[in-house]
Amino acid sequence: MDMKSKARQSWSNIKLAFAQKRSASLSVVVLILMLIADVLPVSAVSTLFNPIHGSELQATSTLTFTSVADAQVEENNPGTNTGTSNDLEVINANNRSIESYIRFTVSGISGGIQNARLRVYCTTDSTRDGPAAYATGNTWTETGITWNNRPTRTSGATDNKGSISKNTWVEYDITSLLTSNGTYSFVLAGDSNDNVIFSSREGSNPPQLLITFAPNTPTAMATPSRTQTSVSTSTRTPTRTATLPSGSTPTNTRTPTPGTTPVNSPTSAGGSFTFTPSADSYVESSNSSTNYGSATQLRVDSLPDVRSYLRFNIQGLSGTVTSATLKVFANSSLSTGYDARSVSDNTWVESSITYNNAPSVGSVLGSSGSVNSNAWTSVNITSYITGNGTYNLGLTTSSSTALSLASRESGANAPQLIIQTQGGTAPTATRTATSVSNPTQTRTPTRTPTSVSNPTQTATPTRTPTSASNPTQTATRTRTPTPSSTSSSGNAVLVGAGDISTCSNNNDEATAKLLDGISGTVFTAGDNAYDSGTITEYTNCYDPTWGRHKARTKPSPGNHEYQTSGASGYFQYFNNVSPYYAYNLGAWRIYALNSQIDVSSSSAQATWLQSDLAANPKLCVLAYWHEPRWSSGSEHGSNSGLQAIWQILYNAGADLVINGHDHDYERFAEMNASGSAVSSGLREIVAGTGGMSLYSFTTPLSASQVRNSSTFGVLKLTLHASSYDWQFVPIAGSTFTDSGSSNCH
């Protein structure tokens, strides 16, 4: 019986009920409501009692696209192309402006565009004044665009941003710039000298274009459902999501562009999600030390032993996983096919995995069966995928004939993991599944280090750092020092800088030569290897210079290290050093901290720091990390996000903090928790002078005592039992220096 017949029958039943029961009793009213609810969907009932509401609403669809090309162009390198970079930087500065270009190919729009949003992910360098978005021409290519040949803007600023925080998505309203299907290019250009860095399509969170439109033939329902948008942020091809009313079945099937998997809207909460790998590679026994992470193919073979590895970062799932299918494109054929296996080890790195260090593979999850060349293969791995998380897979074969498969570097034929879910809470139209950070970033230790054994220790420490939750508190800085097990009769030397190596200049060699003549422990204050801290940049740029002193180096990472997912290049080069740690140097307790992960008062790092300060009381305490709490630098300036760490150290009576990030030298007076000069406080020195480049200053902060923005060099600290000397040592040919002494508190 159709809906109209049901409705007529229902009203007939109602009339009969009225004829039999003349009185307008409550039971009749209840009967009417029950009968209406029995035959009509909720949306139709709503429309009966509010007919205007039903006529005004119309179903919409939202399509999500990832960029097909992007690149930044640099004024001070006008002929250089950066199309393969992981970064899209924007800054407006005298003779060193940087703009970023992004292109999308839009298809599948079948009605009027209601809303269009350009989404970019801020990876590092939060800004007080974000860039504006403009339309631009389509004549540029990703591998050819430079500052000299960049196309001109074809519109005014369609949207302009103010403050932008790192590790967040930023949305630009560009509705006025889109009209229908086609190719669209945009440029992000700054209007201040406060730079910001977004992820490019080569990075972990590529730019996205979200378009909401009203289809020309909307589904005849009164109330539209919420749109389920599923996006794999590592894929470069659009993942389309059609919005359909709840309870309806899609009947219009779109033909996807190459490499695009259509994702149907769910008929209830849950849906279909398509992900591409965040890492993949193969290894082979005959070349056991060779890495194939950048290859466009994956391979399997039994003789010699050849295996492939894939990693998927799954996030944004709603409901219970009902199916999970691995799809891999075959370049060749093999009658026996391949097996997909579980891999429990999550530490392998795409750019460094070899047969020698590859993790073992687990049990077989499923098999592809016979494989034809130039065709997609499928393996059911539902038993392995339980929900959001990071999953590693191994591909093997029992055949002695090799099979070639497409890797994620192949582009349109990159492997896919298609997950179906059911139930759960339906997401909103703008929900986007972002990739999980590289697992190497989750190595934050939760243990509290025990104090160094000291058989002569008899004093009970009374120094307990107070909470960092109140940045304005004026805690009494008291300390009862415990004798150190390390002899304090001699002096210790700590020397280093931040913002160090790039293969584009030799300034780091000049500062490394200073280290050659200075004994002691070397520290790095982050941004050690530009541009992205990859293992290749560490090997080719940092290692030949500052790497000469690797054995005596105590490093810390910066924002550029984390432009490689999870700072994997940094951790690999420095032998999986802890993300933050402490050590004794002479009579001093030294803290190498990490400003690029959570530094809030409730973070694991802050909790560990307070515990270690209490467990290892010293008369003299020093800490270093990358981004400064206080800075007069024009490029970055002060970072209030480090207040909790500063507060903890100040409350504990620490003596000195060393930072980088701003490429200059700046020494501050001793300061209180609020950054005001005091007679007995915590001193900060910014030494971002390791060799990368130099920045200028803005209006000096009140506690700033010495500043220089024209000299590369290193900061040498001589640590005595109850005091310290500082000396800025310039590179050969430079004359600026700064030196002095101060007592520990």
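Predicted model: local features only at pLDDT ≥ 70, side-chain atom pairs only at ≥ 80, totals over all residues.
**Reading burial, salt bridges, strands and a helix**

Q: Which residue forms a salt bridge with K161?
A: Start with the general idea. Side chains of opposite charge can pair when their charged atoms come close. Here the partner is D159, with the closest N and O atoms 3.2 Å apart. D159 is buried, because its relative accessible area is 18%.

Q: How many salt bridges does a search of the whole structure find?
A: The search finds 19. One of them joins R150 and E99, whose closest N and O atoms are 3.3 Å apart. This pair links distant parts of the chain, 51 residues apart. R150 lies in the loop between β6 and β7, while E99 sits in strand β4.

Q: Are E99 and R150 buried or partly exposed?
A: Take them one at a time. E99 is buried, at 8%. R150 is partly exposed, at 27%.

Q: Which residues are linked with R150 in a network of salt bridges?
A: E99 and R153.

Q: Where are E670 and R683, which meet in a salt bridge?
A: E670 is in the loop between β31 and β32, and R683 is in strand β32. They are 13 residues apart in the chain. Their salt bridge spans 3.8 Å, N to O. Both E670 and R683 are buried.

Q: How many bridges join β4 and β9?
A: Seven, in the antiparallel sense. β4 covers residues 98–106, and β9 covers residues 182–189.

Q: Last, helices. How many residues of α9 are buried?
A: First the general idea. An α-helix has 3.6 residues a turn, so residues three or four places apart point the same way. Now the case here. α9 runs over residues 643–651, and nine of its nine residues are buried. Among them are W646, L649 and Y650.

Q: What covers the buried residues of α9?
A: The cover includes helix α8 and the strands β29, β30 and β32.

Q: What is the phi of G653, which follows α9?
A: The phi of G653 is positive, near 80 degrees.

Notes. Residues numbered from 1 in each chain as written. Heavy atoms only, no water. Buried < 20%, exposed > 50% of the residue type's maximum accessible area, 1.4 Å probe, protein only. Helix = DSSP H or I, 4+ residues; strand = E, 2+ residues; numbered from the N terminus. Contact = heavy atoms within 4.5 Å. Pairing = 2+ DSSP bridges. Salt bridge = Lys/Arg side-chain N within 4 Å of Asp/Glu carboxyl O.
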